[in-house]
Amino acid sequence: MKYDVIIVDSGTAGQTAALPLSKAGKKVAVIDDRLPGGTCAMRGCTAKKFFVVNREALDSVRYLQGKGIEELPRPVWTQTLDMKTDFTGSIPEKTRPAFEKAGIDFYEGIAFFTSKQTLSLKKSVHRRGSESSKQSDIFDFEFDDIILACGSDPRIPEIPGIGYTIDSEDFLSLPQLPGRLLTIGAGYIAFEFAHIISSYGGEVTMLDPDLTRDLAASSKKWESILFQKELLHQLKKHFPDCLLQIPAVTDMRLMRYLIQPEGFPGLENLTVLPQG
Ligand SMILES: Cc1cc2nc3c(=O)[nH]c(=O)nc-3n(C[C@H](O)[C@H](O)[C@H](O)COP(=O)(O)OP(=O)(O)OC[C@H]3O[C@@H](n4cnc5c(N)ncnc54)[C@H](O)[C@@H]3O)c2cc1C
């Protein structure tokens with residue numbers, strides 16, 4: 001099969017390219033090894049917003065307590081989860097006909113290059129690959145142009161016991177509100193999740209060798225967000241039956257953090273930031 005343009009990704013980037021290209025008369029194919037719709041809608045930006053808006057509402061009311069509002073509303077995690085799941089579940093059903101209507105062929109499977117101008121599709125072995133992509137027939141394609149917009153997956157650190165942890169996608173499908181959350185890493189996704197759990201009343205601990213003071217300061221108002229200073233101590237204190245076992249500090253970035261505690265002057269092993 002020959003296409004003018006093949007796009008690997010049915011998500012935001014892929015659709016943004018595919019639809020206008022097809023409209024302009026190009027013969028376009030889109031390939032993805034997951035259900036069509038992409039990260040943003042189904043397991044990223046939009047999916048998380050269902051929880052984020054509740055967090056914002058709770059924080060607004062919390063701020064207004066004693067200023068005309070008496071009681072804090074009770075968030076119901078399962079209701080939010082159901083709304084989120086209804087939304088995310090509908091995305092592939094909307095994306096497939098949108099491609100079809102635009103005259104775009106959509107294939108589920110893993111794309112790999114066989115030459116500079118040719119590509120093959122094979123069965124996906126991704127644990128989250130769609131069922132169709134796991135059973136995909138092998139196709140060979142020729143193309144004039146190709147757009148690779150493969151997105152990104154969480155980077156899973158090689159820590160013994162890491163299999164007991166969950167990633168952002170699992171988090172957004174947790175059946176119940178976790179009372180305590182420990183994040184390994186404190187990037188923007190971890191911070192957003194930390195704030196969600198904190199606003200819902202849970203306790204959060206974040207571990208990150210690169211957590212800067214600026215970042216910590218920006219989160220001061222969330223009293224229950226805790227910052228760790230010493231990894232092993234923290235794990236023992238909060239997770240006495242901890243499933244994560246980190247026998248030795250081998251990560252240089254972590255070493256740097258542990259041997260330069262002056263980055264957090266005056267903080268002991270575990271610090272509750274004062275409400276600001
Ligand atoms: C929890 C979370 C919250 C986020 N919040 C925000 C936010 O608030 N604002 C924001 O701007 N961004 C946010 N992001 C990031 C945003 O979701 C991504 O940057 C965006 O969705 C990437 O879109 P994309 O189309 O490039 O790739 P994706 O939508 O990730 O799609 C790439 C697809 O390509 C597939 N693929 C990869 N390689 C192959 C191959 N060889 N063959 C076949 N298929 C392949 C992948 O399986 C995937 O389905 C968030 C992400 C997460 C995880």
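## Close-up views of a predicted model

View 1. The model shown here is predicted. Six residues of H3 are buried: Ala 47, Lys 48, Phe 50, Phe 51, Asn 54 and Arg 55. One of them, Phe 51, also marks a bend in H3 of about 30 degrees.

**View 2. Helix H3 from end to end.** H3 contains 20 residues. From its first C-alpha to its last it reaches 28 Å. That is close to the 28 Å expected at 1.5 Å a residue. After H3 comes Gly 66. The phi of Gly 66 is positive, near 80 degrees.

**View 3. Helix H1 and its two sides.** Four residues of H1 are buried: Gly 14, Gln 15, Ala 18 and Ser 22. They lie on the same side of H1, because they cover an arc of only 90 degrees around the axis. The other side of H1 carries Pro 20 and Lys 23, which are exposed. What do the buried residues of H1 pack against? Their partners are strand E1 (2-8), E2 and H2.

**View 4. Helix H1 from end to end.** H1 has 12 residues. Its first and last C-alpha atoms span 17 Å, close to the 16 Å expected at 1.5 Å a residue. Gly 25 follows H1. Its phi is positive, near 100 degrees.

**View 5. The shell around the ligand.** How many residues surround the ligand? There are 24, and the closest are Gly 11, Gly 38, Thr 39, Gly 44 and Gly 151. Several elements give two or more residues each to this shell: helix H1 (12-23), strand E2 (28-32), helix H2 (38-43), helix H3 (45-64) and strand E4 (110-115). Which element gives the largest share of the shell? H2 does, with four residues. By type, the shell divides into 10 nonpolar, eight polar and six charged residues.

**View 6. The chain as a whole.** The chain has 276 residues, and buried residues make up 28% of them. Now take the contacts between residues at least 6 apart in sequence. Of these, 61% join residues at least 24 apart.

Key:
Residues are numbered from 1 along each chain as its sequence is written. This is a predicted model: local features need pLDDT of at least 70, side-chain atom pairs count only at pLDDT 80 or more; totals for chains, interfaces and linings use all residues. A residue is near a molecule or strand if its C-beta atom, placed from the backbone, lies within 6 Å of it. Ala, Val, Leu, Ile, Met, Phe, Trp, Tyr, Cys and Pro count as nonpolar, Asp, Glu, Lys and Arg as charged, and the others, Gly among them, as polar. The expected span of a helix is 1.5 Å times one less than its number of residues. A residue is buried if 20 or more other C-beta atoms lie within 10 Å of its own, exposed if 12 or fewer, and partly exposed in between; C-beta atoms are placed from the backbone. The arc is that of the directions from the helix axis to the C-beta atoms. Two residues are in contact if their C-beta atoms, placed from the backbone, lie within 7 Å. The bend at a residue is the angle between axes fitted to the seven residues ending there and the seven starting there.
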